[in-house]
Number of protein chains: 2
Amino acid sequence: MQSVVKNLKIYNSISGKKEIFSSVIDNHVGMYVCGPTVYSNVHLGNLRTFTSFDIIYRYLTHLGYKVRYVRNITDVGHLENDEDQGEDRISKKARLENLEPMEVVQKYTYDFHETVRKFNLLPPSIEPTATGHILDQIKLIKKIIDEGIGYEVNGSVYFDVFEYNKSNNYGILSKRNLEDLIHNTRSLDGQSDKKNPQDFALWKKAEPKHIMKWDSPWSEGFPGWHIECTAMSNKYLGDIFDIHGGGIDLKFPHHECEIAQSNVCFGTNAANYWVHANMLTLNGQKMSKSTENNILPDEIFSSGSPLLSKTFSEPTVKFFMLQAHYRSILDLSDNALLASEKGFNKIIDAINMLENLKSYSDKTSDFDVEKWIKGCYDAMNDDFNTPILIANIFEAVKFINKIKAGSAKISEKDYKMLSETMDSFVFDVMGLKKTNALQKGNDKLDDVIDIILELRNDARKNKDFSLSDKIRDMLNKKGISINDSDKNSSYTID
Amino acid sequence: MQSVVKNLKIYNSISGKKEIFSSVIDNHVGMYVCGPTVYSNVHLGNLRTFTSFDIIYRYLTHLGYKVRYVRNITDVGHLENDEDQGEDRISKKARLENLEPMEVVQKYTYDFHETVRKFNLLPPSIEPTATGHILDQIKLIKKIIDEGIGYEVNGSVYFDVFEYNKSNNYGILSKRNLEDLIHNTRSLDGQSDKKNPQDFALWKKAEPKHIMKWDSPWSEGFPGWHIECTAMSNKYLGDIFDIHGGGIDLKFPHHECEIAQSNVCFGTNAANYWVHANMLTLNGQKMSKSTENNILPDEIFSSGSPLLSKTFSEPTVKFFMLQAHYRSILDLSDNALLASEKGFNKIIDAINMLENLKSYSDKTSDFDVEKWIKGCYDAMNDDFNTPILIANIFEAVKFINKIKAGSAKISEKDYKMLSETMDSFVFDVMGLKKTNALQKGNDKLDDVIDIILELRNDARKNKDFSLSDKIRDMLNKKGISINDSDKNSSYTID
């Protein structure tokens, strides 16, 4: 199976086209994704980005590639002390009373890990931190200076974009033209040591109140933002690797600068495929912390938000994200989530039905399962098109419902293939999970409610309607609704 | 409450005595604990150590201290490539096919975090990695050389224990005498660059096949093991902090060397209180990977072991550990775990009963709750004596069972104090959790069973014993037992 489906196409932001994927080393994939900055809670938009690359990681692994997936943690912060305390004894003694950036880092790294765990994203193969690679960054900066592209001014080091552009193309990724950039950049006289406003920092000399700083050949300071990703991706994936990913907001300047650095240091664009996940908007508008148009993951999952009618489970939100292609803008709204919840529950119901199905003894099937499987792979091979994959899955759901209603049949062989493929795309490739309410764990609750319903049915049979109504009201009060039919009663939990 | 109980005593390994605890900075505590080496799954013995310090962290926080708890990750590994591949292009291209130490680090760091999460250990305030602090370590090594205690030989740097011992006491912690050490150390001629076999490495020059290495003033190499903890504890806690902890196997040489380094660099013993958690043995013998006398955390919790009759939940194992004092050797066996499981369930049953108790309207109590609370604090203030605390808790359990049996009474005020103190010691300080079957998450289940019990009590009042028996039998069949008393009924879930 897996050998025939290796005609994967990936949209490459450099060429602006879908390209047949071919890895640098057979059967191996090296993938680097720009990870979170851990100075605040992870945004929902970031979560969408990491989910997109989780699916890519899962699908490549599913195809049989050995993937080394590196996703960094940006923990070099720019926190400052209120006052310059120097190195005197008192300040050292009082260290415990001061803000410690690494305490902030730990808090939000932990929060990030908790959130991605709940979202069932797989841990990357390596999760390097920027502060853990200062020496590697210093080494690259030295190299860029040696190559005549980096220059030092007052303890800081900058990348000379114009010098670089003489023999390279600054703008290869973002399609920006350096001439245009010049005209569009206001000159801020005297505010900078840079030769040109387009130059970017490789190393910054720290002001005295800056807390996080390290020794370097140029000053006690800290690395520029772009150099960390070049250092870490090169260290773990080599001079040229397969996929470099990130949110679309990182395309310029961050990824453009990474490509420039990599060309100076290694003579490559770092990665062969540059992949960008698109934005998440909220009710049609950009999310923004400063306006009220903002929502945090935990608000959706547990604490609630004035913008939503209810909370939604993690798998529901993940399913909602996968209903859009990763390169499309995705708009989150209460209605969209409610629709996704319905859709997701339909799929899980169908999978549960399939698991419980006993009547697959037919010789033939009313559904071309092999063609359907090919359709699933075709969708994913077309630049990881999850919405098309999900449309395919709904085709199968329709068919499963027909089997259950007795209006369609399936052979044992097809039953097996259908079950396995549903499971592997829904749970392994998309990484969805049955939600708590739909999960087996709550067996005990089911048992006990069944007992109450039996007692209530007895009461109805005995025409003891005051008792049967009392039971219904007691359950209602606890958020459990009874749905009576002619034959029996079922229940739903709010 | 909390102000009167601040007469905490901690056993200090330096003095060999329990000492009144007094922190360097009022209301703050700085605590450093040597964390895991992430090149294999966490041992059960390590887990005991981290559990011991989790309780100390929790109790100090409970007393009102603002604790900065630093627990490091030792990720500097000594993995080697099979062959020396140099820096040629082919090896760089082939990087993906090689063993990458940071991939190993990520795997076992993730495993460690999953295990401590299941064990309900709180995340430390800062979790620094050794590789993230190479520059800090180099800085300290320079200082030790400048002070005339460190010396370089062939690109490696060693700590001169004899030179140090002239004006300091090498052995202050482990009570070893340098003269004895000399006589007990075989001299390995020609195998070492060290002046004396007792000297320890601060920096080691890497052999070509060594994978993890960094630039330094002396060689491309890697730091010695002891210097990492001195660098990280000093960076986040200052020149002198409150508590330095670790497993007892780290007392010598690791902690002895840390004290020596700290004396040279900062003129202090690093911490005022050096605290050591004792060993965990298995069936009376030391655990060992090479013999079969070994058990991994996951084998106890989920996969099973030939040495155990069944699996045990994480809270049960944690409770088992807390039944011994952290400074005593603790022996794990099937019988001991079975006994702990019974004991732990008794406590949780009592807490559940307490929660459901409605008849606390008595004017007086048959139990001196205030004296009992003092006993709980006295136990913990006596060097965190959890077994005595647990004995106290069992006293309360006995009393709660008497209330339930109708043979003891409690006033509303005492009921409140008893409930709050039980919860805070069992859940907050010891960090135990109701296991899944007994959990609060199952509120819905409680609600529904309460409805059934109410229906059944109605039946009993109406002398409809066939219905009340039928309900009892239905519940029994589903593993729920009803316990009737004169006034009302309670239930337990198998």
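This report describes the chains, sheets, helix packing and nonpolar cores of a predicted model.

## Basis of the description

The model is predicted, and local features are given where pLDDT is at least 70, side-chain atom pairs count only at pLDDT 80 or more, and totals for chains, interfaces and linings use all residues. Residues are numbered from 1 along each chain as its sequence is written, while chains are lettered from A and ligands numbered from 1 in the order in which they are written.

## Chain A as a whole

Chain A has 16 helices and 15 strands, where helices (H or I, at least four residues) and strands (E, at least two) are DSSP runs numbered from the N terminus. Of its 494 residues, 42% count as buried; a residue is buried if 20 or more other C-beta atoms lie within 10 Å of its own, exposed if 12 or fewer, and partly exposed in between, with C-beta atoms placed from the backbone. Two residues are in contact if their C-beta atoms, placed from the backbone, lie within 7 Å, and among contacts in chain A between residues at least 6 apart in sequence, 73% join residues at least 24 apart.

## Where the chains meet

In the meeting of the two chains, 44 residues of chain A are in contact with 43 residues of chain B. The elements of chain A that give two or more residues to this side include β3 (28-33), α3 (101-118) and α16 (465-477), but α15(A) gives the most, with eight residues. By class, the side of chain A that touches chain B has 23 nonpolar, eight polar and 13 charged residues, where Ala, Val, Leu, Ile, Met, Phe, Trp, Tyr, Cys and Pro count as nonpolar, Asp, Glu, Lys and Arg as charged, and the others, Gly among them, as polar.

## Two helices in chain A

Two packed helices are described by the angle between their axes and the distance between the axes. Helix α10 (residues 314-322) and helix α11 (residues 334-356) of chain A pack at an angle of about 105 degrees, with their axes 9 Å apart, which makes α10(A) roughly perpendicular to α11(A). Axes are lines fitted to C-alpha atoms, for helices over the stretch in contact, and angles run from 0 to 180 degrees between N-to-C directions; those under 35 degrees count as roughly parallel, over 145 as roughly antiparallel, 65 to 115 as roughly perpendicular and the rest as oblique.

On the α10(A) side the meeting residues are P315(A), T316(A), V317(A), F319(A) and F320(A), and their counterparts in α11(A) include L337(A), E341(A) and F344(A). This contact has seven nonpolar, three polar and one charged residues.

## A four-stranded sheet in chain B

In chain B, four strands form an open sheet in the order β5-β6-β7-β8, with antiparallel pairing; two strands pair if DSSP finds at least two bridges between them. The strands β5 (150-153) and β8 (221-223) of chain B stand at the edges with a single partner strand each, so one side of each is left without a neighbour in the sheet. Neighbouring strands are turned by 20 degrees against each other on average, direction ignored.

Three bridges join β7 (residues 200-205) of chain B to β8(B), and the bridge partner of W203(B) in β8(B) is P223(B). Helix α4 (residues 134-146) of chain B lies across β5, β6 (156-159), β7 and β8 of that chain, running at about 105 degrees to β5(B).

Strand β9(B) is mostly covered, since seven of its seven residues are buried. Three bridges join β3 (residues 28-33) of chain B to β9(B), in parallel, with M31(B) opposite I243(B), whereas β9(B) and β10 (residues 271-277) of chain B pair in the parallel sense over six bridges, with G246(B) opposite H276(B).

I248(B) lies in the loop between β9 (241-247) and α8 (251-266) of chain B, and because I248(B) has 17 C-beta neighbours inside 10 Å, I248(B) counts as partly exposed. Leaving aside neighbours within four places in sequence, I248(B) is in contact with H276(B), A277(B), N278(B) and M279(B).

## Nonpolar cores

In soluble globular proteins, nonpolar side chains tend to be buried together. A nonpolar core is a set of buried Ala, Val, Leu, Ile, Met, Phe, Trp, Tyr and Cys residues joined through C-beta atoms within 7 Å. Of the 232 residues in the largest such core, F159(A), L202(A), F159(B) and L202(B) touch the most other members. Apart from it lies another core, of 17 residues, among them V448(A), I449(A), I471(A) and L455(B).
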